[in-house]
Amino acid sequence: MTSIRITAFKLHLPFVFSLMLLMFVSSAAVFAQQPGADGLGDRLYPRLGNGGYDVQHYSINLAFKPESNTIAATAVLEAVALLDLASFNLDLYELTVNSVRVDDIEATFTREEAELVISPAQSIPAGAAFQIAVTYAGVPQPIVDPAVPFVKLGWQEWDDGYFAAVSEPSGSMNWFPCNNHPLDKATYTLRIAVPRPLTAVANGVLSETIANDDGTRTFVWEMEQPMATYLATVAIGDFVAARDNSGIVPIRNFFPTGASDASIAGYDVTGDMMVWLSDMLGPYPFGAYGVVVIPGFPAALETQSISIFGASGADELVLLHELLHQWFGNSVTLSKWSDAWLHEGFATYFMALWLGEQYGAGAFSSFISSLLTSGTALSAPGNPEKTDLFGWSVYARGALVLHALRGEVGDETFFEILRTFYSENAYGNVATTDFIAAAERISERELDDLFDAWLYGERIPDLP
Ligand code: TRP
Ligand code: ZN
């Protein structure tokens, strides 16, 4: 028995060794070159964003034909590899990809749902800077996202020949290939060619307007601060531009031609709001601000440095809400979508603060009471399901989280917490735990119970 066993062992030893060697070599190969993940692990959006690389800059060169709502574009992404990449993904919804080049060498690619899977001719070593150029065209297809039942997302036509991309949270991949998750922020150059008399408005500062030989004009916009993909926008239409120097950076608004003076005047308060918020939180974070008004757009969205509004007239509180998002949302950005209260709760609470500042304590407290009227119907805002992501609880009870904190720590400490949390995280990403940690550190108190109850408790607590 024993000898047989030994014999058997001896017989198998080389086999076992070669198996181990094979496993070692193949696992080493896996470590050496692997595909980037097709998502960034967001609980609500597992396939948004991609692993294995970090985009630094998007340069999008896009020509637009309004008659057919067709785009023809090249997007050049400057990225850094985080792994040894044999292949990697971008997010792209529909459209036709004509070519992909990686470091100027033709790459092969496949499409799988909203993923563009790219295999470069040579794998990319971890740490290397590399460039991806995607040439693509087509008619952008609006995206249905259960988080926003009131609107379709991405590039689309609104009323009267006005076009605009509104994308929070998933829509940007309907007009450019991207790492479509707020964790991967990047700077942008957007070069948009449109026929006269149309204007193309986009994020950041207009650096150049080029008259092309074919009669079109190219508008070149630079967003020099980091931006999440969902905040990237292009708005195209027959606009009149209006400048306003009452803020701390240039304000340039774009209104549909023929907009009434009264509807335009509704936006005059923007500069005062910007000064007030800058005093409270730290300087407005981007090189310019403004609104673009789009006929038929049924909501408002805080697209970075150029918020988009519908044509139904400026509502002062909505104006304040979208402007506040430039600090909380756009500069300080969530790391996972289920933390949306960090954007919407903050923006809603500042609506109350603005009312208090402008119209007195009564206006402040009646706004707070109006948040409370839905009472027990306000579900926990801290970890919503996708269909509740932009629901009233995230806005209203999210705002009340801040009001409860203020009641607990007092005014001076409360505003110190907001200022510090903002300045320590400007242009970055945060999680709820970062806010709690900042609040505890600055107030020198244990606040777990308060945050747990307000963010995650089934029943809405009593205010302190
Ligand atoms: N962030 C927007 C706000 O509260 C709400 C929103 C989310 C939205 N996704 C959208 C508005 C898409 C318009 C389109 O200000
Ligand atoms: Zn908001």
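Which protein donors hold the zinc ion (ligand 2), and at what distance do they lie from it? They are His 321 (NE2), His 325 (NE2) and Glu 344 (OE), lying 1.8 to 2.0 Å from the ion. This is a predicted model, in which local features need pLDDT of at least 70, side-chain atom pairs count only at pLDDT 80 or more, and totals for chains, interfaces and linings use all residues. Residues are numbered from 1 along each chain as its sequence is written, and side-chain values use heavy atoms, with hydrogens and water left out.

**Zinc site**
- Donors are N, O and S atoms within 2.8 Å of the metal (3.2 Å for Na, K and Ca); water is not among the atoms, so sites may look incomplete.
- Along the chain, the donors of the zinc ion (ligand 2) follow the spacing H-x3-H-x18-E.
- His 325, in the loop between helix H4 (316-324) and strand S22 (333-334), and Glu 344, in helix H5, are 19 residues apart.
- His 325 is buried, with a relative accessible area of 0%, and Glu 344 is buried at 2%.
- Buried means under 20% relative accessible area (1.4 Å probe, protein chains only).

**Nonpolar core**
- Such a core is a set of buried Ala, Val, Leu, Ile, Met, Phe, Trp, Tyr and Cys residues joined through side-chain atoms within 4.5 Å.
- In the largest one, with 149 residues, Trp 175 and Phe 435 touch the most other members.
- Helix H5 (residues 341-359) gives the most to this core, with eleven residues; helices are DSSP runs (H or I) of at least four residues, and strands (E) of at least two.

**Open sheet**
- Eight strands form an open sheet of mixed pairing, in the order S6-S5-S9-S3-S2-S12-S15-S14; two strands pair if DSSP finds at least two bridges between them.

Technical notes
Chains are lettered from A and ligands numbered from 1 in the order in which they are written. Buried means under 20% relative accessible area, exposed over 50%, partly exposed in between (1.4 Å probe, protein chains only).
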